[in-house]
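I opened my notebook to look up a few things in a structure. Here is what I had on the screen.

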Amino acid sequence: MASSSSSSLSRVVVKSSDNNLFVVNKKVASQSQLLKQCIDNMEEKGTNDVILIPLSNVTSNILTLVLEYCEKHADFADDDNNNQELKQWDHEFLKKFDYATLNSLTMAADYMVTKSLLNLCCQFIADSIKDLTVQQIRQIFDIKNDFTPQEEADIKNENAWAFR
Amino acid sequence: MGCCGDEEEDNLLHKPLLTSSPTQTTIIFTKEATISPMNSNFSALTCRDILRIIFEKLPIADLARAACVCRSWNSVASDREIQAASFMAPWKLKEIVGNPSSGSFWKDNSLSKFAISHRIVRGDSVASLAVKYSVQVIDIKRLNNMMSDHGIYSRERLLIPLSNPDLLIDSTCYIELDLYAKREAAVLYLEGGPPESSCSINRATSELAKRRVIESVRRSLQVDDEIARYYLSITDGDPRSALSEFSEDLRWERQTGLA
């Protein structure tokens, strides 16, 4: 499977928004559709230079995490998606982050088009929202209530069944 | 849990940064990692696309509460697709076709909201259907709003309670307002799709409604189906004007001495 044709490079360099450079195995980078697209475009042009991909939206601490995820998933890329070990790893992976990190990771996964990571983050957030009250959700995620009192009363009334 | 920005930033500062760097990924040049102030609030939750992905994973009651959080959450959570996805998720439905008469349809996705459509054929009885679908006679009657065992032939179909949720896996359901049963249900067709490949609720309902109108016009005019259908067609399906049209014609026939 490993592509070792002379024209294509096996590694690319990714630059974070705070100007740190990461050397990334191409198979790992391909987990991100954004990086994969960049690599494919460059290869089409037949460049022999090292490919440098600057990511203006992702800081190095977040990029490290995204790449850690991509690396693990690249290892399992040829397996079927239902690998239990990988699922367990995914679960443990997200558990260690606070909400601020989780937020940045979600944004980065969206920006870098790493769908499975985005899905994983969103599932995690959905699980944390479950069973919370509206007030708790606003507090935990620092969301401003921008309803007028009348609007809020109407909407609460409409969804009253969900409050038991 | 930190509810204001400052606290969250503190948390992050005290949190050890990743200790072991991934094996294949080498960091050439590292500065002290900076935490951007943007990270202090949950910006991902203001992004519609991301919210959609999150909301698609919420059970319906949680989705309803999410709709009460703020305006942008409300607008994403009220989206038909999101509500349908959350409605279908526990049953692993593939698709739900049609729109309910009111948004409150989505609030209850218990098994009783689903029904199998059984097209009545000769020889069917409530009892035989109960055996065929392994459900109780009383449940069929209740679902179809039946007072007695008689008169199932005046109906085109009966709704059968769903006893085996596995039937829903990967299936397509049609939101239909059944006039006889007097209820709106997510209807499953075991043999192919709904009749005449029509899939919208409006079509299915109007089909039933039309039959009832023809029936009543036929009875009040004391004519056959054909004539009832003709008068309905020239009056755009309005039974009242069909009646007056018909009596007009009768009077004319009488006047000209044809009758």
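My entries below go from the ground rules to cysteines, a helix pair and aromatic rings.

**Ground rules.** I am working with a predicted model, where local features need pLDDT of at least 70, side-chain atom pairs count only at pLDDT 80 or more, and totals for chains, interfaces and linings use all residues. Residues are numbered from 1 along each chain as its sequence is written, chains are lettered from A and ligands numbered from 1 in the order in which they are written, and side-chain values use heavy atoms, with hydrogens and water left out.

**An asparagine.** I found N74(B) in helix 4 of chain B, residues 71-77. Helices here are DSSP runs of H or I with at least four residues, numbered from the N terminus. N74(B) is buried at 17% relative accessibility. Leaving aside residues up to four places away in sequence, N74(B) touches F147(A), I155(A) and A67(B); contact means heavy atoms within 4.5 Å.

**Two helices of chain A.** I checked helix 5 (residues 99-111) against helix 6 (residues 115-129) of chain A: their axes come within 8 Å and cross at roughly 145°. Axes are lines fitted to C-alpha atoms over the stretch in contact, and angles run from 0 to 180 degrees between N-to-C directions. On the helix 5 side of chain A, the residues in contact include Y99(A), L102(A) and L105(A); on the helix 6 side of chain A, they include L117(A), L118(A) and C121(A).

**Aromatic rings.** I counted 14 aromatic pairs over all chains. Rings of Phe, Tyr and Trp (its six-membered ring) pair if their centres lie within 6.5 Å; planes under 30 degrees apart are stacked, over 60 edge-to-face and the rest tilted. F93(A) and F97(A) are edge-to-face, because their planes stand at 90°, with centres 5.3 Å apart. Y99(A) and F141(A) are edge-to-face as well, with centres 5.1 Å apart and planes at 65°. Y99(A) sits in helix 5 of chain A and F141(A) in the loop between helix 7 and helix 8 of chain A, so this pair ties together parts 42 residues apart in sequence.

How values were computed:
Buried < 20%, exposed > 50% of the residue type's maximum accessible area, 1.4 Å probe, protein only.
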